[in-house]
Amino acid sequence: MTKRYITTAIPYVNGLPHIGHAVDYCLADVYARYHKLLGDEVRFQAGTDEHGGKIFQKAKELNIPVQEYVDQNAEKFRDFIKALDVECTDYIRTSDNEHVRRVQEIWLKLKDHIYLEKYSGWYCTGCERYITQKEYDENKGICPDHQKAYEKLEEENYYFRISDFKDEIREAISSGEMLILPDFRKKEILKLLDESPDVSISRPKSQLTWGITVPDDSDQTMYVWLDALSNYITVLGYPDKDISEWWPASAQFVGKDILRFHAIIWPAILLELGLPLPKVIVSHGFVLSNGQKMSKSIGNVVNPVEVIDRYGADAFRYYFLRHVDTFADSDFTWDKFINAYNNELANDFGNLVQRLATLAVKNNIIILPREHELDQEYKNLMDGFKYSEAFEYIWEKIQNLNKKIDEEKPWILAKNKETVKLEECLNNLINGLLDCSYALSPFMPTATNKVSKIFSDKINLPKSPLFPKE
Ligand code: MSP
């Protein structure tokens, strides 16, 4: 049995879960469920990133003690994962004492490549990122993502000598030993790697208190990204435990905005710790609203919990896994969602289930059970992380089944008492549906499970439609 460890980015808890956070979770959950179908053993991490200036500032603004603030919000993320029907096995909060201690130990292991130096430059608290002079000039001093002026920092920081690892990282990325998907992002990263200076990995305590204290210098707080990236291995018990049973990760899911941390700083840390690099880093696109970033000031923010409450987790996952491309930016609007829900989920899928179950019950059809196999084309798409395409591929089969019912007209066969033909026709259609449902189970676990129950030994006609129309 292959063991697979998969990870998701841990969101900052300076607010509530938003629609973009769902992407990591949905993609990773499909990966996990698909591999479980194939018989693999899966460990799946999720959690929350709770340190840094951004969170500290927000708690201060709200006048809430920081720990209390992160406790409240972290709970909402946990609930969100459950509401999405995401089956993670390991959950970490970076304010956990165990994590803090383990990160301090990791720091000590990196010491040969850490040096103290004056930093004079720019920082964006929104991005929690040091900004190069080149970027500062290109963006005219304003962060394009947060619409805020970069802050000027003049302070003494610890640096991590990335330059010591660049050649090895470049080789691992170029050779595919650490595969970066999609390919165009890999090219961007290789370019960025060449330009990357050593990274500052601490801030003076006088400037930032909310974070992990540097183990042998209590005047310094660790850079939130060193702390956050380490979660992928501290959650497995590193360095107290031997993690080789699960590490390297089979796949790490991250948004395009944070690929640089995962493809440059993270491998440098791992190389110095003597740990292997992750096998694949999947960098997904962004969810936009009418082509625009969702933002409170534009007023186009959609609360994902509202979508799930109204339509259920499967409908949410349906939209996010079929209509949100794995790699490119995609749009979410209520109109698009409701249209997809009514015309595709309810019509194509829900109606098909209802029609076939009704015909089978009415005509006393016995279903001859068949093994449901995953076809090669589907597997190729799934193995290439092209989830939206795999979904599309199965959906075409569903639409074909709908066409087939209309062409074969089983109700006419019934009327003409052509029993053998009718049995064969409905058995083919129902088994076709069950094949599709099996392939869709990583995407819509609850609905597909219901479909299996409806068409078990005896047909259990559903009392209400799987996806009631609006
Ligand atoms: N805390 C860091 C991650 C540390 S991982 C060691 C962080 N947090 S975040 O809350 O800003 O983002 C969490 C995840 O959500 C990231 O993968 C990010 O790319 C993703 N998304 C945030 N907004 C998004 C969209 N609008 N669309 C899709 N994904 C987006 O970064």
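**Close-up views of a predicted model**

View 1. Glu408 has its place in helix α15 (residues 387–408), where helices (H or I, at least four residues) and strands (E, at least two) are DSSP runs numbered from the N terminus. The model is a predicted one, in which local features need pLDDT of at least 70 and side-chain atom pairs count only at pLDDT 80 or more, whereas totals for chains, interfaces and linings use all residues. Residues are numbered from 1 along each chain as its sequence is written, and side-chain values use heavy atoms, with hydrogens and water left out. Glu408 counts as partly exposed because its relative accessibility is 33%, given that buried means under 20% relative accessible area, exposed over 50% and partly exposed in between (1.4 Å probe, protein chains only). Not counting residues up to four places away in sequence, Glu408 touches Leu413 and Cys425, contact being defined as heavy atoms within 4.5 Å. Leu426 is 18 residues from Glu408 in sequence, and the two are 9.6 Å apart in space, C-alpha to C-alpha.

View 2. Six strands, paired in parallel, make up an open sheet in the order β3-β2-β1-β12-β13-β7; two strands pair if DSSP finds at least two bridges between them. The edge strands, each pairing on one side only, are β3 (90–93) and β7 (179–181). From one strand to the next, the twist averages 20 degrees. Strand β2 (residues 41–48) pairs with β3 in the parallel sense over four bridges, and Gln45 has Asp90 in β3 as its bridge partner. Helix α7 (residues 183–195) packs on the sheet and touches β7 and β13, its direction making about 115 degrees with that of β7. Helix α1 (residues 21–37) lies across β1 (3–8), β2, β12 (251–255) and β13 (280–284), and runs at about 165 degrees to β2; axes are lines fitted to C-alpha atoms, for helices over the stretch in contact, and angles run from 0 to 180 degrees between N-to-C directions.

**View 3. The contact of α6 with α7.** The axes of helix α6 (residues 166–175) and α7 come within 11 Å and cross at roughly 170 degrees. The two helices are therefore roughly antiparallel to each other, a term for angles over 145 degrees. In this contact, Lys166, Ile169, Arg170, Ile173 and Ser174 of α6 meet Lys186, Ile189, Leu190, Leu193, Asp194 and Glu195 of α7.

**View 4. The antiparallel strands around β4.** Strand β4 (residues 114–124) pairs with strand β6 (residues 151–160) in the antiparallel sense over ten bridges, and Tyr123 has Glu151 in β6 as its bridge partner. β4 also runs antiparallel to strand β5 (residues 129–131), to which three bridges join it, with Arg129 in β5 as the bridge partner of Cys124. β4 and β5 form a hairpin with four residues between them, and Glu128 in the turn has a positive phi of about 50 degrees.

**View 5. Trp247 in the largest nonpolar core.** The largest nonpolar core has 160 residues, and Trp247, Phe443 and Phe455 are those with the most contacts inside it; such a core is a set of buried Ala, Val, Leu, Ile, Met, Phe, Trp, Tyr and Cys residues joined through side-chain atoms within 4.5 Å. Helix α13 (residues 334–362) gives the most to this core, with twelve residues. Leaving aside neighbours within four places in sequence, Trp247 is in contact with residues including Tyr5, Tyr232, Trp266 and Pro278.

Terms used:
Angles under 35 degrees count as roughly parallel, over 145 as roughly antiparallel, 65 to 115 as roughly perpendicular and the rest as oblique.
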